[in-house]
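Hi everyone, thanks for coming.

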Amino acid sequence: MSTPSAAPVDPLAVLKGLAALRRLTGTYPPGHPMIGQKLKEIGDASAAHLQHSEVLRIDVIRGDVFLDSVPTSTEGQANQQLIAQLAALGVDSIHITRGVELDEFLSVAEFLWQFNGSGDSVAYQLAARNVRHISVGRLVPLDTRWRAQQWPDAPTAPLDADYAESILRAQQTFEDAAAGKPIDVVTVRDLVQLLIHKVARSNAALGQILAVKQYENLTYCHSVNVSVLSLMLGKQVGLDETTQAALVEAALLHDVGKTQIPLEIVKKPGVLDKNERKTIESHTTLGAEILVQTSGLHPLTPTIALEHHRGVKGTGYPDLGNAIPHPMSQIVSVADIYEAITGARTYQDPTPPERACLIMARLAGEKLNTALVKTFVNAITFFPLGSLVRTSRNELGLVIATNQGDPLHPVLRLLDQLTYEPTDRLNTALRDASGTYERHISQSVPVPEGLDVRGMLEAA
Ligand SMILES: [Fe+2]
């Protein structure tokens, strides 16, 4: 199987090596020759890759192993067992950066042997063991707030007409709320209908919502997106139409409390101090208060605003004891997190959809409902319609269709590398005579301003 790297490396060899090393460190005393031998094997396997690239990224997504986001064959029972073992440990990614030393592999193996899921964060525990070049993925902090890039506040590319209309109406609703005016329930109801009957049924709009968003979508854009994504998930889990409408209303207004919080705190890069964090977190209670006072809304709407940052094990905020969030709140949480990580923030670059799914998989069980995350990830494609991707043969293409049952290999409209002029149609699911894929998608690429994605999707 081909990989985009000049020096193909079998990620399973590194994973297997680490799993074996983990057992050896639990069985033999430090310095045992078997440990030394295994360490050397892992060191050689990763060094081959790190010669050519800065980082070796091994991710396990839905039971498949990805090397730098490209899937690798995991057939064979032994490999499946290895993946199951890692999953049982809660490890779903190992990233190794250039400069890694053998001692660090040893420390990670020891850590994994003793690891029981409790205590400080994995990153902290590894740092305490002096591991600087290997990260073990379990939980990714969503809001690291260390960047200060300026993004536009709203989309700059042309949007699907109904989607653009819904954003405009949501903006009005949120501006009214920010000015202390009561929420106009009729406007909200119309907007809910527009979202259900037009926006959620438009492939172009869905593509724009699912893809990476190169703008800092402030509350109103975010809310429209979360509504459509919640609806998508709600339909998948079989909610009836009345409940779907209630879900869309609640998702649309789940962050309305943010209108009461100074924008400089909402957008602040860098670490938030305790008071600022408390202020941000109060958007849940503030939102619920506003919504309770608005007559004509569905009774669950304030509840969902209150609960959408609470985890399925009763963690998160606000503190409501061990109370488990309402299932509808759990749906909005999944949509909210996907939307937040695929969007830009002053403190965060947007994350491509396929990596967003991986982050969500890491949050499943603790913060998010596992069944809902699975349903969501299965419902969306890794490379949504309208997203721009590069293949392992360095072709640039726009995703114009997906192949049922093979979400990682969509159909592309190839584009000229320089002019972005559309050229041939290409099905990336094609395999050669030996049954191997001819190419994989190696990465998502930002859609440049002015590219007529909608036109190309319609033409397709
Ligand atoms: Fe929120």
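Leu388, in strand 6, has Leu398 of strand 7 as its bridge partner. Strand 6 covers residues 388-391 and strand 7 covers residues 396-403; the two run antiparallel and are joined by three bridges. Strands count as paired here if DSSP finds at least two bridges between them. Together they make a hairpin with four residues between the strands, and Asn394 in that turn has a positive phi of about 60°.

Before I go on, a word on what we're looking at. This is a predicted model, in which local features need pLDDT of at least 70 and side-chain atom pairs count only at pLDDT 80 or more, while totals for chains, interfaces and linings use all residues. Residue numbers start from 1 along each chain as its sequence is written.

Now the overall picture. The protein has 18 helices and ten strands; these are DSSP runs numbered from the N terminus, with at least four residues of H or I for a helix and at least two of E for a strand. Of its 460 residues, 41% count as buried. Buried means that 20 or more other C-beta atoms lie within 10 Å of the residue's own, exposed means 12 or fewer, and partly exposed is in between, with C-beta atoms placed from the backbone.

Another strand pair is strand 4 (residues 93-97) with strand 5, antiparallel over four bridges. Ile96 has Ile134 in strand 5 as its bridge partner. Along strand 5 (residues 134-137), Ile134 and Val136 point one way, Ser135 and Gly137 point the other way, and all are buried.

On to the helices. How do helix 1 and helix 2 pack? Helix 1 (residues 11-27) and helix 2 (residues 33-50) have axes 9 Å apart, at an angle of about 160°. Axes are lines fitted to C-alpha atoms, for helices over the stretch in contact, and angles run from 0 to 180 degrees between N-to-C directions. The two helices are therefore roughly antiparallel. As for the cut-offs, under 35 degrees is roughly parallel, over 145 roughly antiparallel, 65 to 115 roughly perpendicular, and the rest oblique.

Compare that with helix 7 (residues 185-197) and helix 10 (residues 241-253), whose axes are 10 Å apart at an angle of about 115°. That pair is therefore roughly perpendicular. Val188, Leu191, Val192, Leu195 and Ile196 of helix 7 meet Gln244, Ala245, Val248, Glu249 and Leu252 of helix 10. By contact I mean C-beta atoms, placed from the backbone, within 7 Å.

Let me finish with two single residues. Leaving aside neighbours within four places in sequence, Glu307 is in contact with Pro325, His326 and Ser329. Ile324 is 17 residues from Glu307 in sequence and 9.0 Å away in space, C-alpha to C-alpha.

Ala179 sits in the loop between helix 6 (161-178) and helix 7. Ala179 counts as exposed, because it has 8 C-beta neighbours inside 10 Å. Ala179 and Gln260 are 81 residues apart in sequence, yet 8.9 Å apart in space, C-alpha to C-alpha.

Conventions: Contact = placed C-beta atoms within 7 Å.
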